[in-house]
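Please read it alongside the sequence and the coordinates.

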Amino acid sequence: MVFIEASAGTGKTTVIVERIKQFLLEQVQTGAPAYRAVDKFAAISFTDKSAQELGARVSAALMKEPKLGTRVAAQAIQQVTTIHGFCRRILSDFPVEAGIS
């Protein structure tokens with residue numbers, strides 16, 4: 001797990017995009033299908049605006065990688081969300097475990 005906290009304009013988004021790209025390329029290099037490797041990361045932001053920007057930049061970077069491509073880029077956007085979106089996804093994926101119906 002990686003946690004990045006810094007002031008505005010310090011390059012957080014660039015670092016996160018590069019980390020995600022490198023993580024996925026490493027997964028592919030070990031033989032994992034790229035489309036499955038996407039499920040192994042989550043990028044969580046505080047605001048909808050920052051999550052949308054991060055998702056767009058991740059997608060653009062992944063589309064430029066021949067080993068990853070447009071399918072992985074489209075999937076990766078779904079892994080970039082706000083804390084509220086992340087919690088909502090967990091609750092919808094595991095309602096019984098969370099004690100909700």
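The protein has six helices and two strands, where helices (H or I, at least four residues) and strands (E, at least two) are DSSP runs numbered from the N terminus. Read from the N terminus on, the elements follow the order α-α-β-α-α-β-α-α, and the C-alpha atoms fill a box of roughly 45 × 35 × 20 Å along the principal axes. This is a predicted model, in which local features need pLDDT of at least 70 and side-chain atom pairs count only at pLDDT 80 or more, while totals for chains, interfaces and linings use all residues. Residues are numbered from 1 along each chain as its sequence is written, and side-chain values use heavy atoms, with hydrogens and water left out.

**Packing of α1 with α3**

- α1 and α3 pack at an angle of about 45 degrees with their axes 10 Å apart, the axes being lines fitted to C-alpha atoms, for helices over the stretch in contact, and the angles running from 0 to 180 degrees between N-to-C directions.
- The two helices α1 and α3 are therefore oblique to each other, a class left for angles that are not under 35 degrees (roughly parallel), over 145 (roughly antiparallel) or 65 to 115 (roughly perpendicular).
- The contact (heavy atoms within 4.5 Å) is made by Thr13, Thr14, Ile16, Val17, Ile20, Lys21 and Leu24 of α1 and by Leu54, Arg57, Val58, Ala61 and Leu62 of α3.
- By class, this contact of α1 with α3 has eight nonpolar, two polar and two charged residues, with Ala, Val, Leu, Ile, Met, Phe, Trp, Tyr, Cys and Pro counted as nonpolar, Asp, Glu, Lys and Arg as charged, and the others, Gly among them, as polar.

**Packing of α3 with α4**

- The axes of α3 and α4 (residues 69-78) come within 8 Å and cross at roughly 165 degrees, and the two helices are therefore roughly antiparallel to each other.
- Gly55, Val58, Ser59, Leu62 and Met63 in α3 meet Gly69, Thr70, Val72, Ala73, Ala76 and Ile77 in α4.
- The contact of α3 with α4 has seven nonpolar, four polar and no charged residues.

**The largest pocket**

- The largest pocket has a volume of about 1100 Å³, a volume being the space filled by probe spheres set on grid points that are joined across faces, edges and corners.
- Of the 30 residues that line this pocket, the closest to its centre are Val2, Ile4, Ile16, Ala43 and Ile44.
- On a 1 Å grid over the protein atoms alone, a pocket is an open set of points where a 1.4 Å probe fits, with protein on both sides within 12 Å along at least five of seven lines, and lining residues have an atom within 4 Å of a point.
- α1 (12-29), β1 (43-45) and α3 (48-63) each supply at least two residues of the lining, and α1 gives the most, with seven residues.
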